[in-house]
Amino acid sequence: GPTQLLNTQLGVVTLPGSGSGNLPTLNGTATIGNNALVSGLAIDPGGVDGIVASGSGIVIEDNTITNARRGINLRETGGNATIARNQSSDIVRDGIFFNDINQTADTTITVANNTLADVTGDGIEFKEIDESTTANISVANNQITNTQKDSIRFDDIQGNAVATIDVSGNVINDAGRNGIDFDLIQGNANA
């Protein structure tokens with residue numbers, strides 16, 4: 001896995017075993033909240049969600065997720081979230097799923113350099129960007145292969161939400177429906 005550094009009163013220390021190429025294994029779900037990092041794990045949750053996160057200041061990077069209901073499930077996200085360099089395969093629902101982005105403050109979400117394969121649902125889905133949210137979303141340089149639904153999907157942008165969305169540099173193969181889908185932009189929402 002990646003080299004893991006820890007700030008201590010003695011300075012920066014490299015965690016033992018990190019950077020070795022071996023990922024610690026988690027057989028279950030990693031659940032995190034505000035200002036949290038999940039990095040460098042091999043996650044096999046046995047058919048339930050691999051990582052569940054809510055809040056702001058979320059960073060999920062350099063993980064391998066297999067055999068999950070949803071690879072990464074982000075609920076009620078606001079503030080900043082970065083999902084980068086994860087590998088997910090054999091996913092029953094969605095590879096990366098954002099649900100209910102509804103904070104009134106600025107929200108910045110980056111989904112970059114992930115590899116998703118063999119996903120029964122959507123590869124990456126953003127559902128319900130609403131209320132008075134101002135969201136800046138970047139979905140870039142992901143590799144998505146063999147989704148049974150949409151590879152990248154934005155659904156239900158509504159209310160007074162303003163979403164600035166950049167989708168670029170993604171490689172999509174074998175999308176069951178659409179490579180990129182925008183659905184239900186309504187109310188006073190702008191996307």
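In what order do the seven strands of the open sheet stand, and in which sense do they pair? The order is E4-E7-E10-E13-E16-E19-E22, with parallel pairing. Strands here are DSSP runs of at least two residues, numbered from the N terminus, and two strands pair if DSSP finds at least two bridges between them.

Please note that this is a predicted model, in which local features need pLDDT of at least 70 and side-chain atom pairs count only at pLDDT 80 or more, while totals for chains, interfaces and linings use all residues. Residues are numbered from 1 along each chain as its sequence is written, and side-chain values use heavy atoms, with hydrogens and water left out.

To return to the open sheet of seven strands: its edges are E4 (30–32) and E22, and each has a single partner strand, so one side of each lacks a neighbour in the sheet. From one strand to the next, the twist averages 10°; axes are lines fitted to C-alpha atoms, and angles run from 0 to 180 degrees between N-to-C directions.

Within this sheet, E13 (residues 96–101) and E16 (residues 124–129) are joined in parallel by five bridges. Phenylalanine 98 is placed opposite phenylalanine 126 of E16.

I turn now to E14. Strand E14 (residues 106–112) pairs with E11 (residues 80–84) in the parallel sense, over five bridges, and isoleucine 83 stands opposite valine 111. Seven bridges join E14 to E17 (residues 134–140), also in parallel. There, valine 111 has valine 139 as its bridge partner.

Finally, isoleucine 185 lies in strand E22 (residues 180–185). Isoleucine 185 has a relative accessible area of 43%, which counts as partly exposed because that class lies between buried, under 20%, and exposed, over 50%, with a 1.4 Å probe and protein chains only.

How values were computed:
Helix = DSSP H or I, 4+ residues; strand = E, 2+ residues; numbered from the N terminus.
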